[in-house]
Amino acid sequence: MSQKNIESHLVEKRVFKPSKDFSKKARIGSLAEYKTLWEESIKKPDKFWAREAAELVWQQKWTKVLEWKEPFAKWFVGGKLNVSENCLDRHLGTPRQNKAAILWEGEPGEKRALTYQQLHREVCKFANVLKSHHVKKGERVIIYMPMVPEASIAMLACARIGATHSVVFGGFSAEAIRDRIADSQATVVITADGGYRRGSVVGLKKNVDDALKGGDPSVPRVRSVIVFQRTGQPVQMEPNRDHWWHEEMAKADGNCPAIPLDSEHPLFILYTSGSTGQPKGILHTTGGYLMGAYITCKYVFDMRDEDVYWCTADIGWVTGHSYMVYGPLANGATTLMYEGAPNWPENDRFWKIIEDYRVTIFYTAPTAIRSFIRWGDQWVKKHDLSSLRLLGSVGEPINPEAWMWYHHTIGGGRCPIVDTWWQTETGAIMITPLPGATPTRPGSATLPFFGVDAAIVDEAGNEVGPNVSGKLVIRKPWPSMLRNIHGDRARYRKTYWSEVKGCYFAGDGARRDKDGNFWIVGRIDDVLNVAGHRIGTSELEGALVSHPVVAEAAVVGRPDELKGQAVVCFVTLKQDVTATDQLRDDLKKHVRHVIGPVATPDEIRFADALPKTRSGKIMRRLLKQVACGAVVTGDTTTLEDLSILAKLAGKED
Ligand code: WTA
């Protein structure tokens, strides 16, 4: 986040109260009501969560709401349920059964609608396909798909039989798939021949083939690859291993009861970046996660049967999991899914979709909003957006200017904006306005959600006063919290529960104003947020040094008007290697290849050496200043080689 944004945050005084009309219809209609319920959720969590959990379908009721042995939580202990049953079966036999569960539009323009009954049948059939490939309860399944309903079907089918899915974002590389297969020890992969993005075909199956090329003993043998035919482009099908989705489905039975699963049964693993090492497999379980996804959709989006709800996130991110699939379906809502880019074939695609489907709730990211602003209001004005009643934002701090534009130009000044702070690890929204209750302030995620005991603390772990920045922590366990980093309890404890005693440390910096509103400043660890995507600097550095000519690399973020942060790499080369523009391009391509297009460096700067402390730590603070073009300030006496600073300060071109 840029200095300008932080400054504008500090002077931001505008307050927008929910309209009387909105509050009258909303589930939580006043700040007082929110406060009463929040107090209850913190002081009497058992009572609060037992009441909310009773709205889910349990095959066996829990005996205890929470068992907490820091840092390990069990929620709804002894309870048995199935997420797929909660998202599908519970709506059958009700007036919802023939309403659209998923509305889908492909980038080339195809349209599909799946009612709850139809989706249920597809999920049952695909669950039987998985069974016919001997997928067992607890086994891991990788899903690497474009944005098609089959991606949701695959997730729900895994949930139905107790397989643990791990969705890999379609923009990640073959190497990223291989790493995730190795870490999760998955034995089945579900993919597609390709998908459409900005008018071209992205070859997903080819990446899976590359990922599965043998040789690496840490990668288990994948016995089945199931391939959905989306684009029809030619792909290689390996005999005995690869199978077409449609052929398998044609053989499958439409009945498949949802099996009862322990509340703590692993539902999914989703990999995300941290400040050190390889991406971490964030583990979410069944009962608590579903509770979080369900209750936040109910109160934050105030979802109703009449709503057409659209979350623009990709299914490969946690937002796609909680707010495109599980949360909306558990609420019996209609969830819209769009395959492609917002500027295809033209810059008004999103507004056209909102008009065509009469979308009522729209949830997107600040980086997208900033692009829309740049493209210009004329694209918005061509369309009737009067169906919208509520707007959401997620992924990074929203700058007040973007908030105001969203409010006026998209929301017509009438739609509340819920700026929702949360993380892959938290599973569900944590800090957010409730649209009928909370006065909103541009740039603030406002107040903690029910059950969330958030605070700002200083270096010593003490809570700070109003308007003092510090570390954002959560002081109590919550139902949808991560349970572990897959296979690494020590890393889980160290990463999240050791920085601040007795608290979950989020990795974000924030402050609270005198009314208690949270203003998130952004990551304070070595994690970048590039266009709403989390990327660890250590992963980028690892990718750079895996290139044969690179000796050392340090990566920092530079504020970027559009993407939030841009990736700036400082690289030293091995002896006798000459720095050239060609090499710069090669290195960018190399990082793309190793991690994926989302991680493409914006700038590569060559240096003779990197600035280090006497103990050998790279001085990132200094590099950040250099990357921003700022004058280097502060204490630099511990530098190993001061002379290199001048060279580093030279711009890329
Ligand atoms: C950032 C995405 C400010 C934050 C759901 C967090 C936000 C990281 C907001 C998690 C917001 C997300 N305001 N910052 N409303 N939402 N963030 O795991 O830095 O991909 O730690 O989860 O995004 O990113 P993740």
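**The ligand and its surroundings**

An N or O atom in the side chain of D419 is 2.7 Å from a nitrogen atom of the ligand; a polar contact is a pair of N or O atoms within 3.5 Å. An oxygen atom of the ligand lies 2.6 Å from a polar side-chain atom of D508, and a polar side-chain atom of R523 lies 2.8 Å from an oxygen atom of the ligand. On its own the ligand has 530 Å² of accessible area, of which the protein covers 96% (Shrake-Rupley method, 1.4 Å probe).

This is a predicted model, in which local features need pLDDT of at least 70 and side-chain atom pairs count only at pLDDT 80 or more, while totals for chains, interfaces and linings use all residues. Residues are numbered from 1 along each chain as its sequence is written, and side-chain values use heavy atoms, with hydrogens and water left out.

The ligand is surrounded by 17 residues, and D419, T420, T424, D508 and R534 are the closest; a residue counts here if one of its heavy atoms lies within 4 Å. By class, this shell has six nonpolar, six polar and five charged residues. Helix α12 (318-330) and strand β25 (518-523) each supply at least two residues of the shell (DSSP runs: H or I of at least four residues for helices, E of at least two for strands, numbered from the N terminus).

Another strand to look at is β21, residues 454-457. A454 and I456 on one side of β21, and A455 and V457 on the other, are all buried, meaning under 20% relative accessible area (1.4 Å probe, protein chains only). Strand β22, residues 470-474, runs antiparallel to β21 and is joined to it by four bridges; strands pair if DSSP finds at least two bridges between them. Within this pairing, I456 stands opposite L472 in β22.

Methods. A polar contact is a pair of N or O atoms within 3.5 Å; within protein, one must be able to donate a hydrogen and the other to accept it, and residues adjacent in sequence count only if both atoms are side-chain atoms. Ala, Val, Leu, Ile, Met, Phe, Trp, Tyr, Cys and Pro count as nonpolar, Asp, Glu, Lys and Arg as charged, and the others, Gly among them, as polar. Buried means under 20% relative accessible area, exposed over 50%, partly exposed in between (1.4 Å probe, protein chains only).
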